[in-house]
Structure formats: structure tokens, C-alpha cells
Amino acid sequence: MLAVYAGIGKMELNPVRDPTHVTADAAGSDPAGAVLAVDGISKSFGPLMAVRDLSFEARSGEIIGLLGPNGAGKTTAIRVLSTILPPTRGRFTLGGIPHTKPGAIRQQIGVLPESAGYPLHQTGAEFLRYHARLFGRPARSAREIAASLLAEVGLAERGSLPIATYSRGMRQRLGVARALINTPSVIFLDEPTLGLDPAGQRQMLALIRDVAGQRGATVILSTHFLDEVEEVCSRVIILNRGEVIAEGSVADIKRRAAPRTVRVHVPPEMHDEALSALKRADGVANVDSINGERGWLIATFDSAWLDEHGGVPINSAIRALADAGVLILSFELEGGRLSDAFLSLTEGGQQ
Amino acid sequence: MRPTRLGPAAIAAALSIVLLVAMVSSGAPAFGQENAAASDLRVSVSKSEVSALTGDTFTFTSEITNTGSEVTPPLIANLDFVALDQSTYIDPEDWSPQRTLVVDPIAAGSSATQSWTVKPVLNGDVAAYVVVLPTSPALATAGPLVSSPAIYLHVEEHRALNPGGVLPVVLAVPGVLAGAFVILRVNHGRGHRKEPPRGPTGLTSY
Amino acid sequence: MTSLARSDSRLRSAAKAPTHGWLVVAVQELSDIWLSWRGPIIVFAFSLLLSLLTYLAATNKELNIIDQRDTVNLVVQVTLGIGVAVSLLFGADTVSGERERETLESLLLTPVPRRQIALGKLLAVVSVWPVLMLVAVPYVWALRAGAILFTDAVVAGFVVGSLLTAAFASLGVIVSILSNSNRLSLAASFFVFVVLLAPTRIPLTGWFGDHIARINPVTAGSRFVDRVIVANHSLGQEWTLLIAPVVAAVIALAVAFVAAGRLRLQGGIGR
């Protein structure tokens with residue numbers, strides 16, 4: 001059970017049902033098991049409120065996607081939670097350590113910043129050794145850790161070469177290795193696949209899955225790429241203009257943008273029968289021809305009926321057409337993707 | 001009987017006599033009278049022409065002779081240099097440690113000798129000469145300064161490859177530093193290349 | 001991908017702040033300065049400059065154009081000026097440069113306290129000075145006029161240079177912490193240095209000039225070296241001229257200590 005908090009402009013400790021807020025299935029929350037507990041975190045820069053009332057909890061091994069358009073506050077949120085920036089309001093604990101002890105928190109976290117730079121004259125191994133030493137490892141141990149992490153992220157052959165010779169993808173992988181240097185319990189990855197080619201993105205996502213699955217670390221993944229979230233994240237938090245506008249499992253978020261229309265292609269001579277059948281189908285609010293072409297129809301379902309009946313209109317429409325003896329040449333649902341939900345939610349927030 | 005008036009000539013003669021007596025008694029030189037002491041001095045030098053390299057040292061002497069009948073007052077002998085090409089500035093302090101020498105009063109008919117050390121520091125043609133001056137205006141008598149004949153110096157540049165013995169240091173320090181840093185860089189780079197890519201041997205144990 | 005054991009609490013607790021984080025930072029920064037091109041290039045260029053100066057000075061000395069003490073003083077003063085300037089510029093780059101290169105965030109994400117990070121960087125920056133002074137020693141030896149002059153010259157130069165380096169390196173670090181732009185940091189630091197260095201080029205005489213010379217740590221230090229080497233005063237005879245450099249070093253280090261505690265990802269203090 002995940003405790004979910006939503007607030008717009010105010011701190012609230014109890015779940016609030018907001019029409020735009022999607023919550024996970026409530027099976028009972030257990031705050032005691034949360035690795036990261038965030039309570040009403042806000043961060044302002046002068047008059048600009050970059051993050052407002054961010055609240056959520058994360059458990060061990062979870063991969064939580066932090067979504068939002070540019071300027072939504074994702075990077076600021078990560079910087080606050082990784083103690084780079086102090087919060088303006090609110091509090092959080094990580095591994096039971098309050099945010100007022102940033103040094104202790106940094107021992108527990110690993111971070112891949114969005115704009116991570118690297119000392120180009122250092123080798124990858126030297127860079128990792130240095131950071132291992134900064135996390136209190138003795139010199140010999142630091143050397144072993146660096147070698148192991150380089151192998152883990154696929155940079156074993158390039159560890160002795162200057163970072164200046166690394167490609168963008170290699171540097172991202174080096175950054176992930178650096179984030180793992182202290183076996184963190186929580187890892188923040190800010191746009192880890194930015195600038196990578198599709199193959200690099202795949203490798204990075206596999207690495208992230210490995211990190212969470214095999215190390216048991218909690219991963220907070222900030223990204224623009226919605227298919228990445230669908231692929232690896234168990235939960236999603238959507239930010240817009242510094243506020244949480246949706247939070248829940250990926251399925252819950254997708255359900256928010258459940259398909260409300262179906263596009264049907266039938267033989268032109270069966271156009272009228274199909275039109276009548278769809279109009280008679282349960283939950284259908286409206287049926288139209290597509291661009292006036294015979295044989296092409298679009299049916300829009302009633303939102304309330306969808307919410308009541310689980311949000312999947314396919315059965316009703318197919319049954320109606322089958323009962324009418326109409327031959328279905330193609331049948332397509334519109335909506336039901338995370339990107340649809342994302343756009344719907346963020347555009348709704350911008351209105 | 002009419003009173004006698006003095007003529008202009010008589011008045012002028014009387015005034016001249018009065019003026020002459022006043023000037024003589026004050027010690028001021030009479031107009032047109034030559035400086036007897038100055039005209040009685042003669043200055044000679046032991047060299048007339050010298051060829052040298054920059055940095056070489058040579059010496060010469062000057063001799064001041066009192067040909068008069070009176071002892072001279074205390075004198076100053078001053079050594080000066082002039083560049084004959086007129087475009088080079090000569091700083092006398094750089095050329096000789098002895099700018100001026102004090103000469104004790106010279107008896108009538110006697111001479112005094114001064115020794116001078118010169119180290120040319122610039123190449124070119126230079127004239128050196130010694131000028132003799134009284135030590136104070138009170139003792140001076142009117143007349144031109146007495147100077148020696150000029151000594152003509154032909155100075156050529158001497159290129160010292162190792163001035164003051166600093167050349168070994170000047171060359172060695174940058175050389176040693178360059179070598180040291182090259183060795184350091186090579187060793188550092190070699191150390192990086194020798195790092196074997198290790199497998200995850202110790203990952204589960206830390 | 002390699003299979004890894006799940007981390008347990010024992011392994012997780014192994015990560016901690018290093019006991020001497022400043023030392024770890026200092027060692028890495030020293031490596032960055034001396035094993036890359038920055039430090040060696042500067043030292044080598046400095047040695048070439050001193051070689052040229054020494055050769056010319058020796059030539060002039062041989063021609064009696066310049067006194068031997070003046071030649072030694074010239075070498076020590078040039079060493080002071082360059083050593084302090086380089087320390088200042090390195091200090092000015094140390095934080096704002098990392099900001100611009102976007103490597104500061106990774107450093108701030110470690111458990112090393114901010115002050116220890118700044119201390120480690122400062123120690124690396126001031127390492128340039130003793131190296132430059134060491135390079136100057138053979139040149140002073142070559143130009144010396146006796147062992148006493150050599151010893152006094154080296155001691156006077158090292159003492160003054162150490163004090164001024166501590167002051168200006170700290171100043172550079174302070175400006176670097178405050179500045180978001182590396183260019184601004186370097187320009188501001190160098191401007192302050194030039195303003196303090198300028199009076200050494202003009203005669204400071206009279207009551208006012210003498211006090212200015214004593215208050216300004218650069219002119220006071222320069223005058224101290226000058227009087228020890230050229231005027232042949234003892235080191236203790238001119239100790240009052242060391243007051244300004246000592247005060248400058250203490251104040252600069254104290255302000256740097258305060259500023260370091262507020263080291264942030266963005267420039268400024270307390271943002």
C-alpha cells in the first residue's frame with residue numbers, strides 16, 4: 001500500500017481525492033517500510049516556486065518515474081532530495097535519517113545529475129577511485145571498487161583511458177557507476193538516457209533494472225521518455241509547474257487516459273448497419289463518419305459509463321457490431337497510452 | 001672772483017678710483033682682469049687613445065701642475081665622458097667608480113697626480129677628459145675651467161658567453177625541469193595503461 | 001550484466017565520510033595540477049624567465065651597471081610576484097571553474113564537509129609557491145654575493161612569499177566560491193592583485209607614502225625583501241614590515257573559512 005499525498009499550495013498529511021489525482025490501489029500503507037519518505041517539500045527561488053508540496057514514499061527496490069515537462073521541477077526536486085539544495089519548506093527522511101543531516105544522507109544516496117560534468121583529463125578508473133575515497137574507502141578498496149563498477153557498467157576496457165575519449169553514452173555509464181560507488185539505498189537518476197542512441201537507451205534501462213532488482217536499491221528516475229517509464233517504473237509521479245498532478249502505478253496513470261473512442265472500418269455497403277449498431281451499443285455517446293467516407297466510423301464513449309465499467313469500451317462496441325452482423329475490417333482504440341495520460345494531465349494543468 | 005666747477009672727466013676719474021678701491025677691498029675680480037690661479041694650472045693625462053672591449057678595465061693618470069707663484073686652493077678633479085656619436089647616453093657612474101677626486105692645495109711649481117680606473121660598458125667611440133674646479137666660489141678666481149686633453153676610447157663589444165658563471169644554471173634548471181616533468185608524465189601514463197581491467201572480484205565483499 | 005549480491009546493512013554502512021576528506025581532495029587536486037599540464041607548464045615557463053633575467057642581470061653585473069645585491073633582489077622580487085599571481089589565479093579557478101565544467105555537483109554529493117573540500121583545494125593551490133621558490137634558489141645562488149646574502153635572500157623571499165600566497169590564494173578561493181562565472185572570478189581576483197601591486201612601481205615617500213607602503217601587504221613584503229637584500233638589513237631589523245602580510249593572510253584565511261562553509265552549487269553565500 002502506498003500512501004499518497006497531494007496538495008496544492010498547502011501541506012496535507014491525509015490523502016485528498018483530487019479529480020485529476022490518480023492514486024494507487026489502496027492496500028494499506030506501511031510508513032515503517034519506506035526507504036524515502038517525503039512530506040510537503042517545497043523549494044522556491046525568490047518569487048518562483050519551483051517545487052510545491054511534494055510528498056511521496058518509496059520502498060526498497062522500487063523504480064519510481066518522475067515525469068514532467070521542461071521546467072516542471074524534476075531536477076529541483078532531485079537536488080533537494082539529494083541535499084544539494086535545502087528545502088524552503090517541508091521535510092524528508094531517507095533511511096530514517098532526517099534531511100537536517102545532509103552529510104549522513106549523502107552516504108546513503110547515489111546521484112546521476114542531469115548536467116553531470118567529468119574531469120576530462122582523469123581516467124574513468126581514477127575518477128571512480130577518487131569518489132570511492134571521498135566516501136571513506138581505503139585506497140586499495142577504492143581501486144577494487146572502481147574496477148568492479150567499470151566492469152559492471154561495461155567500461156572495463158576503457159577504464160585506463162582519459163574521460164575525454166569517452167562518448168556521451170560512456171560518460172553516462174560512468175556517471176551511473178559513480179552513483180553506485182557507495183552501494184546506495186536510494187539512487188537518483190536525472191535524465192540518464194538523454195543524448196543516447198536507442199541502443200544506449202536500452203542498455204541504460206537494463207542497467208537501471210539490474211541496479212534496482214539485484215542491489216535492492218530504490219531508484220528515482222527522472223525522464224522525458226514515457227516509454228522508459230512504462231518499461232521500468234513501477235510507479236509514476238507527474239509534476240507540472242512544481243506541483244504533483246498525478247501519482248500512482250503506471251497502469252493507474254494509463255487508465256486515467258483510458259481510450260474513449262474507437263475507430264472502426266467496415267465494408268462501405270455495411271456503413272449504415274454499423275452506424276446503427278454502434279449508436280445502440282452500451283456507453284456510446286456519439287457516432288460519426290470519418291471524413292465522410294463510407295465504411296469509416298468513430299464512436300465516442302461516455303466518460304461516466306467508462307469509469308463505471310472499468311474504462312474499456314472494446315467489448316461493448318464489438319458486441320454491438322457482431323450482433324448486427326457487420327463485418328469488421330479493422331478496429332482501433334484511441335488513447336490508453338501513458339503519453340496520452342501525460343499530455344492530458346499536463347495540458348489540463350496548463351489550462 | 002667766480003667759484004670753480006668740477007668737469008665731467010674729473011668726476012668720472014674720481015668715481016673709477018672709488019670703485020676700484022671698493023672692488024679690490026671686497027676681493028671681487030676686477031673687470032677684465034684674468035684669473036691668475038686658473039691660468040697657472042695645467043692638466044695632462046697619461047694616455048691619448050685607448051682601444052678596449054666592453055667590460056675591460058684600464059687605468060690612466062692625470063697630473064695637475066701649478067705653474068704660478070701662489071699655492072692653489074683645494075681643487076676638485078672631475079672625470080667626464082662624452083659619446084662622440086652624440087646619440088648614446090653615457091652614465092659616468094657606470095664607467096668609473098671615481099667620478100671626482102679632491103686635490104689638496106698645490107704649491108707653486110709643484111704637481112699632483114690622480115689615478116683613474118675606467119671600465120667601458122657600451123661599445124662605440126667615447127672621449128674622456130678631466131676637468132679641474134676650485135672647491136668653493138669664494139676661492140675661485142674668474143677664468144675658464146682647466147681641462148685635460150681628451151682621451152679617445154674606441155670600445156668594441158665583448159660578448160661574454162658565461163657572464164658571472166651563471167650559464168650552467170641558466171641552462172640546467174629549465175632542462176632538468178623539462179626532463180623531470182616528461183618522465184613524470186610518461187610514468188603516470190604508463191601506470192594508467194598498466195591497470196588491468198579487473199573483473200568483479202571484490203564487489204560482493206565490500 | 002554481472003550478477004551482484006544484494007547490499008545488506010553491513011555493506012551499506014561501510015560508506016561513510018572519510019576521516020580526512022580534505023586530504024583526499026588535496027591529493028587529487030595536487031595530482032590534477034602537477035600530473036597534468038598546468039603546473040609543469042607554469043614552472044617551466046617561470047624557469048625560462050628566470051634564466052633570461054639571470055643571464056641579463058649577470059651580464060649587467062659584470063659590466064657594473066647593476067649591483068650584485070640588486071640582481072639577487074630582482075630575481076627574488078620576480079619570483080614573489082609570479083608566485084603570488086599564480087596562486088591567486090589558481091585559487092580563483094578552483095570552485096567557479098568546477099561550476100563551469102559542471103564537476104562541482106558530483107563533489108558536493110559526497111559526504112565530505114564543505115569546509116574540508118575548500119581546505120583541500122586551497123592546499124593544492126598554495127603548493128605552487130614553494131615549487132617556484134625552490135626553482136629560484138639555484139638562480140639566487142648563482143648571483144649571490146656571499147653565503148649570507150644567499151641565505152637572507154632565500155629566507156626573506158620564502159617568508160614573504162608564503163604569507164602573500166596564503167592571503168591571495170584564500171582571496172581567490174573566496175571570489176571563486178561567490179562567483180558563478182569563472183571569467184568573473186579570474187578577472188576580479190587579478191584586478192585586486194594589480195591594485196595592490198601597482199604601488200610597488202612608484203616611489204612611496206613621505207609620511208603618507210610610507211604608511212601606504214606598510215599597510216599594503218604587497219608593498220610591505222616587497223620592501224622587506226628589498227631592505228634585507230639590497231640595504232643589507234637583518235631579518236629582525238625590518239620585522240614591522242611583515243605585519244601587513246601576516247594580517248592579510250590571517251584575515252583572508254578566516255574569511256575563506258567562513259565562505260567555505262556555505263559552498264553551494266550556485267555562486268553566492270546562503271542561497
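Let's start with a pair of helices in chain C: α12(C) and α13(C) make a left-handed crossing, where left-handed says that the near helix is turned anticlockwise from the far one by less than a right angle, and right-handed would be clockwise. This is a predicted model, in which local features need pLDDT of at least 70 and side-chain atom pairs count only at pLDDT 80 or more, while totals for chains, interfaces and linings use all residues. Residues are numbered from 1 along each chain as its sequence is written, and chains are lettered from A and ligands numbered from 1 in the order in which they are written.

Helix α12 covers residues 217-229 of chain C and helix α13 covers residues 243-260 of chain C; their axes come within 7 Å and cross at roughly 140 degrees. Axes here are lines fitted to C-alpha atoms, for helices over the stretch in contact, with angles from 0 to 180 degrees between N-to-C directions. The angle makes α12(C) oblique to α13(C), because angles under 35 degrees count as roughly parallel, over 145 as roughly antiparallel, 65 to 115 as roughly perpendicular and the rest as oblique. Helices (H or I, at least four residues) and strands (E, at least two) are DSSP runs, numbered from the N terminus.

Which residues touch? C:P217, C:A220 and C:G221 of α12(C) meet C:A244, C:P245 and C:A248 of α13(C), contact being C-beta atoms, placed from the backbone, within 7 Å. By class, this contact of α12(C) with α13(C) has five nonpolar residues, one polar and no charged. Ala, Val, Leu, Ile, Met, Phe, Trp, Tyr, Cys and Pro count as nonpolar, Asp, Glu, Lys and Arg as charged, and the others, Gly among them, as polar.

Now over to chain B, which has four helices and nine strands. Follow strand β9, residues 151-156 of chain B: B:I151, B:L153 and B:V155 form a covered face, while B:Y152, B:H154 and B:E156 form an uncovered one. Strand β2 (residues 49-53) of chain B runs parallel to β9(B), joined by five bridges; one bridge partner in β9(B) is B:E156, which pairs with B:L53. Strand β7 (residues 124-134) of chain B pairs with β9(B) in the antiparallel sense, again over five bridges, and here B:G124 has B:V155 as its bridge partner. Two strands pair if DSSP finds at least two bridges between them.

Finally, look at where chain C touches chain A: 29 residues come from chain C and 31 residues from chain A. On the chain C side, α2(C) gives the largest share, four residues.

Terms used:
Contact = placed C-beta atoms within 7 Å. Buried ≥ 20, exposed ≤ 12 C-beta atoms within 10 Å, placed from the backbone.
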